Amino acid sequence: MATFQDIFKSSFLERMAAVSMLDMTVSMTLAFLLGLFLFFVYKRSYSGVMYSPSFGMTLIALTLITTLLILAVTTNVVLSLGMVGALSIVRFRTAIKEPMDIAFLFWAIAVGIVLAAGLFPLAVLGSLFIGVVLLAFSNQKAPDSPYILVVHCAGSDQEAQVRALVSSRVRRMSLKSKGVIPGRIELNFEVRLREGDTSFVDDLGVIEGVQQVALVSYNGDYMG
């Protein structure tokens with residue numbers, strides 16, 4: 001007659017053998033390599049204002065974690081139900097500022113799931129196809145990229161000079177915001193450059209009464 005200890009040992013050994021060491025090694029190795037590929041594609045195709053290396057590392061970690069999680073879930077129905085219940089109460093509140101970041105997050109999760117399911121060719125070839133498409137489109141620079149021009153000047157006379165100079169040196173300009181405090185006016189323009197010419201920024205800096213000038217590239221999503 002089997003004792004509780006025998007049953008426990010049997011169940012434990014069965015779970016240990018549920019995922020072979022070879023499958024686990026191959027899956028986790030491919031997850032790491034494809035995670036690095038995602039990191040590379042993200043770094044090369046990033047078009048936002050401030051690149052975050054930590055997000056690239058997150059893609060590698062997410063691919064590995066998803067693979068590990070799905071490998072465990074597929075071996076035990078009870079574990080899979082418990083995992084669904086545990087994840088249903090988790091709330092992720094980190095704001096995603098770049099729309100493409102969401103695509104990369106889903107890509108990392110999808111790679112982990114497909115690898116854990118044993119569909120190695122689909123994970124590798126699918127990732128290569130997605131990466132080539134993203135790199136191809138990211139290399140096509142928009143000819144009309146917007147910039148934000150920030151100017152701090154002393155008064156209305158300097159503001160008029162700034163407007164006149166900028167309008168004559170850029171292809172298009174529009175005022176996004178204007179802030180006034182005693183002794184200073186802050187102007188934020190959206191400008192479209194003429195053939196990438198930024199020499200007007202230097203000319204603005206030498207105008208008497210202009211205290212600060214900054215030209216910043218951005219993706220068109222202005223937060224006022």
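Colleague: What covers the buried residues of α2?

Modeller: In this predicted model, the cover over the buried residues of α2 includes α3 (53–73), α5 (99–116) and α6 (120–138). The buried residues themselves are Ser27, Ala31, Leu34, Gly35, Phe37, Leu38, Phe39, Val41, Tyr42 and Ser45.

Colleague: What span does α2 reach from its first C-alpha to its last?

Modeller: Helix α2, residues 21–45, has 25 residues and reaches 36 Å, close to the 36 Å expected at 1.5 Å a residue. For α3, with 21 residues, the span should be 30 Å, and its end C-alpha atoms are 30 Å apart, which agrees. Helix α5, with 18 residues, reaches 27 Å where 26 Å is expected, and α5 is followed by Gly118, whose phi is positive, near 85°.

Colleague: How should I read the packing of two helices, and at what angle do the axes of α2 and α6 cross?

Modeller: Two packed helices are described by the angle between their axes and the distance between the axes. For α2 and α6, the axes come within 10 Å and cross at roughly 5°, and these two helices are therefore roughly parallel to each other. On the α2 side the contact involves Val26, Ser27, Leu30, Leu34, Phe37, Phe40, Val41, Arg44 and Ser45, which meet Phe120, Ala123, Val124, Ser127, Leu128, Gly131, Leu134, Leu135 and Ser138 in α6. Sorted by class, this contact of α2 with α6 has 12 nonpolar, five polar and one charged residues.

Colleague: Which residues of α3 and α5 make the contact between those two helices, and is their crossing left-handed or right-handed?

Modeller: The axes of α3 and α5 come within 7 Å and cross at roughly 30°; as the cut-off for roughly parallel is an angle under 35 degrees, α3 and α5 are therefore roughly parallel to each other. The crossing of α3 and α5 is right-handed. From α3, the contact is made by Phe55, Leu59, Leu62, Thr63, Thr66, Thr67, Ile70 and Leu71, and from α5 by Asp101, Phe104, Leu105, Ala108, Ile109, Val111, Gly112, Ile113, Leu115 and Ala116. The residues of this contact of α3 with α5 divide into 13 nonpolar, four polar and one charged.

Colleague: And where do the axes of α5 and α6 stand, in distance and in angle?

Modeller: They come within 8 Å and cross at roughly 165°, which makes α5 roughly antiparallel to α6. The crossing of α5 and α6 is left-handed. Here Met100, Phe104, Trp107, Val111, Val114 and Leu115 of α5 make the contact with Phe120, Leu122, Ala123, Ser127, Ile130, Gly131 and Leu134 of α6. By class, the contact of α5 with α6 has 11 nonpolar, two polar and no charged residues.

Colleague: Which residues of α5 are buried, and against which helices do they pack?

Modeller: The buried residues of α5 are Asp101, Phe104, Trp107, Ala108, Val111, Gly112, Val114, Leu115 and Ala116, and they pack against α2, α3 and α6. In α3, the buried residues are Phe55, Gly56, Leu59, Ile60, Thr63, Thr66, Thr67, Ile70, Leu71 and Val73.

Colleague: What is the relative accessible area of Ile113, and which residues is Ile113 in contact with?

Modeller: Ile113, whose place is in helix α5, has a relative accessible area of 39% and is partly exposed. Leaving aside its neighbours within four places in sequence, Ile113 is in contact with Thr66 and Ile70. Ile113 and Thr67 are 46 residues apart in sequence and 5.8 Å apart in space, C-alpha to C-alpha.

Notes: Residues are numbered from 1 along each chain as its sequence is written. This is a predicted model: local features need pLDDT of at least 70, side-chain atom pairs count only at pLDDT 80 or more; totals for chains, interfaces and linings use all residues. Side-chain values use heavy atoms; hydrogens and water are left out. Helices (H or I, at least four residues) and strands (E, at least two) are DSSP runs, numbered from the N terminus. The expected span of a helix is 1.5 Å times one less than its number of residues. Buried means under 20% relative accessible area, exposed over 50%, partly exposed in between (1.4 Å probe, protein chains only). Contact means heavy atoms within 4.5 Å. Axes are lines fitted to C-alpha atoms, for helices over the stretch in contact, and angles run from 0 to 180 degrees between N-to-C directions. Angles under 35 degrees count as roughly parallel, over 145 as roughly antiparallel, 65 to 115 as roughly perpendicular and the rest as oblique. A crossing is left-handed if the near helix is turned anticlockwise from the far one by less than a right angle, and right-handed if clockwise. Ala, Val, Leu, Ile, Met, Phe, Trp, Tyr, Cys and Pro count as nonpolar, Asp, Glu, Lys and Arg as charged, and the others, Gly among them, as polar.
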